[in-house]
Number of protein chains: 2
Amino acid sequence: MSDSIGISLLGAGNVGSAVLDTLLADVERHNNLIGTKLKLNYVLVQDVDKHKKKSPNIHFTKDFEQIVNDPDTSIVVELIGGESPAKDYLSKLLKSGKHVVTANKDVMAKYGSELNDLAIQNNSSIKYEASVGGGIPIIGPLSRDLLANEISSISAIINGTTNYMLSLMLSEDVSYEDALEQAQKLGYAEPNPVNDVEGIDATYKLAILCGLAFHVDVDPSEIYSKGISNIELQDLKYADELGYSIKLLAKADLIGNRITCLVCPTLIPKSEPLSKVDGVLNAIQLKGNLVGQVVFEGPGAGASATSSAILGDVIDTAKNIHSSWKESSNSILNKIQINDIGDFQSRFYIRVNVIDEPGVLATIAGIMSEHSISIASVIQAASDPEKNTAQIVLITHDASQKNIDLALNTISKEKKVDKIFNLLPIVN
Amino acid sequence: MSDSIGISLLGAGNVGSAVLDTLLADVERHNNLIGTKLKLNYVLVQDVDKHKKKSPNIHFTKDFEQIVNDPDTSIVVELIGGESPAKDYLSKLLKSGKHVVTANKDVMAKYGSELNDLAIQNNSSIKYEASVGGGIPIIGPLSRDLLANEISSISAIINGTTNYMLSLMLSEDVSYEDALEQAQKLGYAEPNPVNDVEGIDATYKLAILCGLAFHVDVDPSEIYSKGISNIELQDLKYADELGYSIKLLAKADLIGNRITCLVCPTLIPKSEPLSKVDGVLNAIQLKGNLVGQVVFEGPGAGASATSSAILGDVIDTAKNIHSSWKESSNSILNKIQINDIGDFQSRFYIRVNVIDEPGVLATIAGIMSEHSISIASVIQAASDPEKNTAQIVLITHDASQKNIDLALNTISKEKKVDKIFNLLPIVN
C-alpha cells in the first residue's frame with residue numbers, strides 16, 4: 001500500500017496539456033475526492049527537450065517501456081490518438097495490469113471488445129468517456145444509469161466540425177469552401193479535414209455508442225457513411241424554407257434483432273430539439289423502453305471539455321483503486337454559505353395594476369430610482385375604463401431582491417397603485 | 001457465496017409496480033448484465049390481501065422487520081416516499097448492512113449526508129438516481145463523470161407538474177385553475193398539489209443537486225422558494241410578448257465560497273434551450289470549469305421513467321456486490337445483424353438540375369412511381385435561362401434507400417436531367 005496513486009500520460013498535445021494543467025493545479029481537490037493523492041510520474045512525448053524547456057518539473061520521456069514497466073504507475077492516460085502505435089500501447093498497458101483512460105475513438109471503435117476483455121483478464125480497467133461527445137457524460141450514463149433499458153434508438157450530432165460548418169454556411173450565407181476555411185482557421189477542422197467532413201469520425205463514435213446501447217460489436221467500416229462535402233448552401237436554404245435544418249446525423253435503430261446504422265447529412269424538422277443544436281455543440285438523443293427519450297447536450301470537443309471527461313475517468317479509476325485499500329467517505333469538502341435571498345441579483349419582471357391617471361408611472365419610476373433600480377422597459381398593457389385602472393408591466397435592469405422588495409413595499413402603499421400582481425426574476 | 005442476489009421492495013404503488021414488472025420480465029437480461037440472478041424476496045405493502053389477489057406469486061408482507069432481518073436480502077428498494085417511516089427504515093437497513101436504492105427526495109434532501117455516512121460505516125451503500133429528474137441520468141454524471149469539474153451553476157426545470165401547467169396555460173389559453181384541474185385529471189398533480197405548485201418538491205431536488213455539485217450540505221428549508229400559484233395567464237402572455245417563457249426554475253450559483261439558491265417562477269429568454277423545455281419534461285443545465293455548459297433533458301416523472309433510474313441503480317449495486325465475488329465480463333449479449341443500407345426506410349430530400357422543358361417533372365415522377373416512390377412535395381426553385389436549366393427539390397414519402405438509388409440511377413440517364421445534386425434522408 002502506498003500513500004498516493006501514480007499516473008502517467010501518453011501524449012502532451014492540446015488535450016494532454018489541459019489534463020496536465022488540471023492535474024497539477026487541483027492536487028488538493030483530487031486528494032479530497034479520492035482519499036489519496038494523484039502523483040504524476042511520466043509524460044510520453046516525441047520531443048523531450050522542447051517540452052522540458054516549457055515545464056522543467058515534469059518528467060518527460062520518449063520511452064514507452066519506461067512507463068509500462070514503472071511499478072509506481074497505476075493509471076495511464078492515452079492521448080496519442082489514431083490507431084498506431086496507440087492500440088499496441090493500450091494492449092501492453094492492460095496486460096501489465098495498468099488501469100487505462102483513453103480518448104481514442106478510432107481504437108475503441110475497432111478494438112473496444114478486445115481491449116475490454118484484456119482488462120478483465122488482467123484485473124485492470126479501461127475507461128473511455130472522452131471518446132464520444134467530448135465532455136458530455138454519455139459513456140457513463142449508457143453503461144450504468146440507463147443500463148436497465150433496452151435502447152431502441154440513437155440519434156446524435158457527434159461531430160463538432162461539420163456541425164459548425166453547416167451552421168456557419170446558413171447563418172453567414174457562405175459556401176462550403178468558405179466554411180471549411182473558417183473552421184480550419186479556428187482550429188475546429190484539421191488541415192486535412194477528410195475524417196470529419198466525410199463522416200468517418202462520426203462512424204467511429206456511432207460504433208462505440210452502438211456497442212454500449214445494443215451490447216453488440218459493430219465494425220465502424222460496416223456503417224454506411226456519407227459526409228457533408230456535397231452539401232451546398234442552396235440545400236441548406238431549401239431545407240430551411242421547407243422547415244428543416246440539415247445536420248450530419250449519426251443514427252442507429254434497433255428493430256427486432258437487426259440494427260440500421262448510418263451517418264449522413266439529414267433533414268431534421270425544426271420542431272425537433274436536435275435541429276437547434278448549432279455550432280460546435282454535440283447532442284445525443286436516446287430512446288429506451290423504460291426511460292423514454294433523453295437528450296445529452298454540450299461541447300463535443302475542445303481541450304478543456306475533453307479533459308473534463310478524462311479526469312472524471314481518472315478520478316473514478318483512482319477511487320476504485322483506493323476503495324480496495326479503505327472505504328472512502330463522501331465527506332463534505334467545502335465550507336459554503338448560502339446567500340441571503342436579499343442579495344440575489346437579477347433583472348426583474350413586475351406586473352402592477354394602477355389607477356389610470358397621469359403621473360402614476362412617474363411616481364413608480366421615482367420610487368424605483370430611490371432604491372437604485374432602473375427600469376429597462378415598460379408595457380402599458382390592458383386598461384379597465386370601468387374601474388379606471390390600467391395594467392403596467394415593468395422590466396428592470398439588474399437589481400438586488402432586497403432593493404426590489406423595499407421599493408415594491410413603498411409602491412404598494414401609494415394610493416394610485418391598486419395591486420402588485422407578480423414579481424419574477426429574469427434569467428440573463 | 002450464493003448463486004443469486006436477493007432483492008426486496010418497500011412499497012408497491014405506481015413506481016413500485018413498474019419496478020416489479022421489469023424485475024420479473026427481464027430476469028435473463030439482468031442475469032446477463034450482472035453475471036448472476038436477481039431474486040425477488042419480499043415486497044412491503046399495507047394491504048397484503050389486496051396485492052396477493054393481483055399477484056399471487058409475489059411474497060407480500062406488511063412486516064418491515066421481516067425484510068431488514070432477511071439474511072437472503074442484499075438490496076432493498078425504498079419506494080414509500082415521504083419522511084416517515086421511510087427515513088427510519090432506511091437507517092435501519094443501512095445499519096444492518098443492506099444496500100439501498102431509493103427514489104425518496106424528501107429524505108435524501110434532508111438526511112442525505114447522515115445516510116451516506118451510515119452506509120460507509122456499515123459497509124453498505126445508498127443510491128438515489130431516481131430522486132431527481134425521474135429517469136434522466138443526473139446523480140450518476142454529477143457524482144462520477146463530471147467529478148473533475150468545479151461546478152459553478154445549476155439551472156434546472158425539475159418539477160414536471162408545474163412545467164406541464166405553465167405550458168398548458170399558454171398553449172391552450174387557460175387559467176391556472178383549469179390547468180391544475182387538467183393536471184390532476186391526468187395524474188400529473190396530486191389531489192393536494194401544494195408540494196408541487198408551491199415549489200417545495202423542487203427545493204428538495206435542488207438541495208440534492210447542490211450537495212453533489214458543490215460538495216456541501218444544503219438544508220432545503222434554507223432555499224428561498226416561490227411557487228407558481230400566483231402566475232396568471234396574463235403573465236405568461238406578457239412574457240411571451242417580451243420574448244420570454246416563464247418556468248419554475250431551480251437555480252444555484254456558486255460565487256466565491258457562497259451560493260445563491262432559489263426556486264422561483266422565472267422569465268427565460270426564448271433563445272435559451274431551457275425556455276423550450278415544455279410539458280412534463282425536465283431539464284438540468286450545469287456549468288463546470290472544465291466542461292463548460294452541459295444539458296440533460298428527458299421525462300422527469302412517470303412510473304416507467306422512474307423505474308429506469310431505480311433499476312439502473314439496482315443493477316449497478318448488484319454488479320458491485322457480484323464483482324467482489326468474481327470479475328464480471330462485459331460480454332457481448334446480443335446477436336444483432338446490421339441491416340444493409342438499402343433497407344433503410346425514410347422520407348428523402350432530392351435536389352436535381354433539369355433542362356427547363358415541359359414534361360420533365362412528369363418523367364421524373366413516372367420513374368419514381370415505377371420504383372414505388374411517391375412524391376410528397378416539389379419546389380420548382382431557381383432557373384437559369386442562359387443554360388435553359390431549372391432546379392427542382394423533391395420531398396418523397398417513405399421509401400427504401402434501395403428503391404431511391406435505383407430510381408435516381410434511371411433518372412440520371414434521362415437526357416432532360418442535367419445533374420442530381422443531393423439525396424438526403426429526412427428525420428420523421
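Select helix 14 and helix 15 of chain A, whose crossing is right-handed; a crossing is called right-handed if the near helix is turned clockwise from the far one by less than a right angle, and left-handed if anticlockwise. Helix 14 spans residues 360-370 and helix 15 spans residues 401-412, and the two pack at an angle of about 145° with their axes 9 Å apart. Here axes are lines fitted to C-alpha atoms, for helices over the stretch in contact, and angles run from 0 to 180 degrees between N-to-C directions. Helices (H or I, at least four residues) and strands (E, at least two) are DSSP runs, numbered from the N terminus.

Show the side chains between these helices next. A:Ile364, A:Ile367 and A:Met368 of helix 14 meet A:Ala407, A:Thr410 and A:Ile411 of helix 15. This contact consists of five nonpolar residues, one polar and no charged. Ala, Val, Leu, Ile, Met, Phe, Trp, Tyr, Cys and Pro count as nonpolar, Asp, Glu, Lys and Arg as charged, and the others, Gly among them, as polar. Residues are in contact if their C-beta atoms, placed from the backbone, lie within 7 Å.

The model under view is predicted: local features need pLDDT of at least 70 and side-chain atom pairs count only at pLDDT 80 or more, while totals for chains, interfaces and linings use all residues. Residues are numbered from 1 along each chain as its sequence is written, and chains are lettered from A and ligands numbered from 1 in the order in which they are written.

Turn now to the open sheet of six strands in chain A, which has parallel pairing and the order 3-2-1-4-5-6. Strand 3 (60-61) and strand 6 (125-127) stand at the edges with a single partner strand each, so one side of each is left without a neighbour in the sheet. Strands pair if DSSP finds at least two bridges between them.

Within this sheet, select strand 1 (residues 4-10), which four bridges join to strand 4 (residues 75-78) in parallel. A:Ser8 stands opposite A:Val76, and A:Leu10 stands opposite A:Glu78. Strand 1 also pairs with strand 2 (residues 37-44) in the parallel sense, over six bridges; there A:Ser4 stands opposite A:Lys37. Five of the seven residues of strand 1 are buried, so this strand is largely enclosed by the rest of the structure. A residue is buried if 20 or more other C-beta atoms lie within 10 Å of its own, exposed if 12 or fewer, and partly exposed in between.

Proceed to A:Val15, in helix 1 (residues 14-25) of chain A. A:Val15 is buried, with 25 other C-beta atoms within 10 Å. Apart from neighbours within four places in sequence, A:Val15 is in contact with A:Leu79, A:Ala103, A:Ala303, A:Thr306 and A:Ser307.

Finally, display both chains. Their contact takes 93 residues from chain A and 93 residues from chain B. Strand 10 (residues 258-269) of chain A gives the most to the chain A side, with eleven residues. Two bridges join strand 10 of chain A to strand 13 (residues 337-338) of chain B, running parallel, and A:Ile259 has B:Ile338 as its bridge partner.

A rotation of 180° with 0.0 Å of shift along its axis superposes chain A on chain B (RMSD 0.0 Å), by least squares on the C-alpha atoms of residues with pLDDT of at least 70 in both. The two copies are thus related as by a two-fold rotation axis. To locate this axis, select A:Phe296, whose C-alpha comes closest to it among the residues of chain A, at 2.4 Å.

How values were computed. Contact = placed C-beta atoms within 7 Å.
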